[in-house]
Amino acid sequence: FCLFTFANNKLNTMATSKPTMPKGMLDDGFEYTLGPPSSGFSIFLASRTKKVHFIRHAEGYHNVATSETGSNECLLRGNIPAKEHPLYDSRLTSVGIHQAQQLKEILAHRPSGGRSFTAFDLVVVSPLTRTCETARHIFGRARTPGSPAFLDPGQAPDGTPEHQAGIPVPAPRILIREECRERWGHYVCDGRRPISEIAAEFPDFDFSEVRHNEDVFYTEDREDSDHCRERSMQFLEWLNSRPEKCIAVVTHSSFLRHLFGQFGDSLNQQDKDKLQRLAGNCELRSVVLCSHGNKEGSVIKSLEPPRGPASTIRVPSVHNLAALG
């Protein structure tokens, strides 16, 4: 894969590729051509590219706590089960809600894809509460799971030419994926509630691809950095397999750091720093995901629970089969 930063409807940073025959392309609002091999440009078929808008969750109560105390010690469970800690699966603060509402307003006036605003084919969200809340306040109502886009009664943002013309704009499908959750373990904020609780709070979000109700990933130990990097690449493979061309991903700072840290070696230092720097709360970082084609058709591994110390938040298993009826 290759990542390009994307802003103001233009490709701004590109990586070096092998020589290819000169070729021009016009597609989805951006145009670029290949110069000589030493030009510092890359070119890929438009069919192998996607715009991906990564969004870190807005401010949560755990962010405030670490800022006020100056360390992450306040995120440790201490002598109580992780799920009983007040910062477990932390929610957004009122400031965080306002941040998300501000980004919603920015997207409503950010031209993209031939529209006067930015619309998304798909929104992918980490299952943690703070990312679900962030998605709710940015994107509003989601399209009913299983409902085709042409049956959705969505409208363009108020005040846009599309809204005035009565052009229908379906609400996005909001899909929950465990792969883009925060680096798990050790800190209570990075565990999640049972999906049965979260889904009841966000009934129009699509949880159909989450495999476990309880959080089987959270452990006493922090997820290994190598595993988090591998997981982030598996997530890119999954994104690449999707048919949608404009995707938003609502996720977390450490996950993004482990993802973007694997890219940028061929960029100039300024662009590399922009790509790899720590994301702020509710920051939107837009890239173009380009597939080299060598991953097409490959089997995408499912995310499996870690093998390590038992979680402090699991419920006991039922061993009596007769009790199950």
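Seven bridges hold strand β5 to strand β9 (residues 284–290), and the two run antiparallel. The model described here is predicted. Within this pairing, Val-52 lies opposite Val-287 of β9, and Lys-50 lies opposite Leu-289 of β9. On β5 there is also a parallel pairing with strand β8 (residues 246–251), made over six bridges. Here Ile-55 has Val-250 of β8 as its bridge partner.

| Partner of β5 | Residues | Sense | Bridges |
|---|---|---|---|
| β9 | 284–290 | antiparallel | seven |
| β8 | 246–251 | parallel | six |

Strand β5 spans residues 49–56, and eight of its eight residues are buried, so the strand is largely enclosed by the rest of the structure. Thr-49, Lys-51, His-53 and Ile-55 point one way from β5, while Lys-50, Val-52, Phe-54 and Arg-56 point the other way; all are buried. Burial here means under 20% relative accessible area. In β9, six of the seven residues are buried, so β9 too is largely enclosed by the rest of the structure.

The largest pocket holds about 510 Å³ of space. Its lining has 22 residues, of which Lys-104, Ile-138, Phe-139, Gln-155 and Pro-157 are the closest to the pocket centre. Helices α2 (94–108) and α3 (129–139) each contribute at least two residues to this lining. The most comes from α2, which supplies five residues. By class, the lining of the largest pocket consists of 13 nonpolar, five polar and four charged residues.

Methods: Residues are numbered from 1 along each chain as its sequence is written. This is a predicted model: local features need pLDDT of at least 70, side-chain atom pairs count only at pLDDT 80 or more; totals for chains, interfaces and linings use all residues. Side-chain values use heavy atoms; hydrogens and water are left out. Buried means under 20% relative accessible area, exposed over 50%, partly exposed in between (1.4 Å probe, protein chains only). Helices (H or I, at least four residues) and strands (E, at least two) are DSSP runs, numbered from the N terminus. Two strands pair if DSSP finds at least two bridges between them. On a 1 Å grid over the protein atoms alone, a cavity is a set of points where a 1.4 Å probe fits but cannot get out, and a pocket is an open set with protein on both sides within 12 Å along at least five of seven lines; lining residues have an atom within 4 Å of a point. Grid points are joined across faces, edges and corners, and a volume is the space filled by probe spheres set on the points. Ala, Val, Leu, Ile, Met, Phe, Trp, Tyr, Cys and Pro count as nonpolar, Asp, Glu, Lys and Arg as charged, and the others, Gly among them, as polar.
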